[in-house]
Amino acid sequence: MIDRLNGFRRGIRRMLPALLALMLTVVVANCGRAPETTSSDPSVPTAEEASAPGTLVFGAVGQPVTLESGNVIDGYSIDVQRQIYNYLLGHEPGTTELMPELATDWSSSEDGLNWTFNLREGVTFQDGTPFNAEAVVFNINRWWDPDFEFGFRDAGKLYEGWSYLFGGFRGDEGSILADVQAVDEFTVMFELARPFAAFPAAISSGYFGIASPAAIQEAGADYGRPASLAVGTGPFSFEEWRSGDRIILSRFEDYWEEELPIADQLVIRFVEDPAARLVQLRSGTLDFTINLTPDQLPEIESDPNIEPVFRPSFNVGYLTLNPSYEPLSTPEVRRAVAQAINKPAIVEAFWGELATTDGHFVPPSMENYTSDQVGDYEYDPEAARAAIAEAGYPDGFDLDLWYPSISGLAFPTPKPIAEALAAELSQIGIRVTVQTKDWGAYLEDRNTPPGFQSYLLAWGGDYGDPDNFLYPNFSEDGAKDLGDYQNQALYDLLDQARFEPDPAQREVLYQEIDVLLFEEALRIPIVHARPLLAQRAGIEGWVPSPLGSEAFASISKS
């Protein structure tokens, strides 16, 4: 086994440069969104322009799907929204600990059914309109109430993040929220249908930035699109979105936090390829960037003008196996797929020391919510082949494996990782076709029945509770990508755990869920990554959040 493992590692390492080169070739040939980085292109800032002390240039992985708060589930949209919007609650820098933001304090009734938030006074939106309790209620109703006039659901707006975290919309049986009221000008009260101890943490999620009601009413269903508006109370005001190239934000002069933001202008450039992002960082075209590949670390460390930055690991990269696809309809076959993947070797080859792997969907920092009965799927291709033969597939079966088109939180090189997984599955007779598509379409189409047969995706925590990893991905509402799959025992356990007030009993319930998920093998945990970021040597004040994104208000450049 040791010789086979080492041989696999050496093979992947020999294959990786070629695969990366191929991926770069495909991006350059086929991706019209990736701008050229030559000085002859007037749309690209020169190193001199980028080095202006008052301008920060951030290298984003991809273009946002939208700047409309509440109507996103992807991290690339939230990266930008964090700069434009504030949230009711924030997080202590570099942690998941809650802190005041637009709400100065919050409290619960004794029965846990009413949460009261006292709001910060003297805050204005970037369009000059006042922030108050009515503005909060307006935003909540947009996300929660299907009949709210300014939710524009007839234009295809889904507000998936709200449904994921709060059990559905107004009128749904599972909705946690029963009502929201402006008690007075600066007090908001949320009435819950049942106690939910993590409610303040959930409402602090990056989805739920508070937008200007006046701006939404002015823009209508176009709000948040490239040619429209995005107005919050955050440190930077929206100026321009050049689709496929960049978003330009400017300092909000009336921002409520004194002396912030430090920068006069924030330019967010879309550079999908990690190799191109590093080249531009080294040249000074970018000031800081995210989601570089682990094999780029030596290059970063060898350049005195740049330095590595690490985001705390609070994520899971996983392989979804859709049970609505007949060959994957039984847990036995899905577990056989998991057994055929040499996860430790793949993680070492693609992430090195910047990741771990195990059989738990929640990250290692939440180990108290995991069961001692769950370790990981034992790598055993022979047993896997026997299992799929016993299930009626002695000659294997065909499988489409989809992967993200851009590097992400946990999958820095999605295509070669997908190809490595395909090579593993071919050993047990599964004939894999790897496929991808535009990021926005990828997110939408995975939920279009019957869904992808299998696909790669990562989940980064929105708040520091296991509920946030498990409920959005395994509840009845969160598992729409799994076709007609139903598991009432799982759904009941998830509900019990999220509404259980006793912390010790919650741990027991989540440990039961951990065992059930391992046996069902619906989403195979591949990796818990420690994302590699980098910045120019003159950048100060950047404290990456474990939650995957943060405001850049306190970043300065010398």
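**Reading the helix packing**

Analyst: Helices α15 and α17 are oblique to each other (angles under 35 degrees count as roughly parallel, over 145 as roughly antiparallel, 65 to 115 as roughly perpendicular, and the rest as oblique). Bear in mind that this is a predicted model, where local features need pLDDT of at least 70, side-chain atom pairs count only at pLDDT 80 or more, and totals for chains, interfaces and linings use all residues. Residues are numbered from 1 along each chain as its sequence is written, and side-chain values use heavy atoms, with hydrogens and water left out.

User: What angle and axis distance go with α15 and α17?

Analyst: Two packed helices are described by the angle between their axes and the distance between the axes. Here α15 (residues 466-474) and α17 (residues 503-520) pack at about 40 degrees, with axes 12 Å apart. Axes are lines fitted to C-alpha atoms, for helices over the stretch in contact, and angles run from 0 to 180 degrees between N-to-C directions.

User: Which residues of α15 and α17 meet?

Analyst: Contact means heavy atoms within 4.5 Å. On the α15 side you'll find Pro466, Asp467, Leu470 and Phe474, and they meet Arg506, Tyr510, Ile513 and Leu517 in α17.

User: And how do α16 and α17 lie, at what angle and distance?

Analyst: The axes of α16 (residues 488-499) and α17 come within 9 Å and cross at roughly 155 degrees. That makes α16 roughly antiparallel to α17. Among the α16 residues that meet α17 are Leu490, Leu493 and Leu494.

User: Now a single side chain: is Trp143 buried or exposed?

Analyst: Buried means under 20% relative accessible area, exposed over 50%, and partly exposed in between (1.4 Å probe, protein chains only). Trp143 is buried, at 0%, and sits in helix α4 (residues 133-144). Leaving aside residues up to four places away in sequence, Trp143 touches several others, including Tyr159, Trp162, Phe169 and Phe208. Phe208 is 65 residues from Trp143 along the chain, yet their C-alpha atoms are separated by 8.8 Å.

User: Which backbone atom lies 3.2 Å from a polar atom of the Trp143 side chain?

Analyst: That's the backbone oxygen of Ser69.

User: What does the side chain of Thr285 make a polar contact with?

Analyst: A polar contact is a pair of N or O atoms within 3.5 Å; within protein, one must be able to donate a hydrogen and the other to accept it, and residues adjacent in sequence count only if both atoms are side-chain atoms. For Thr285, the partner is the side chain of Ser283, at 3.0 Å. Thr285 is found in the loop between α8 (274-283) and β11 (288-292), and is buried, with a relative accessible area of 9%.

How values were computed:
Helices (H or I, at least four residues) and strands (E, at least two) are DSSP runs, numbered from the N terminus.
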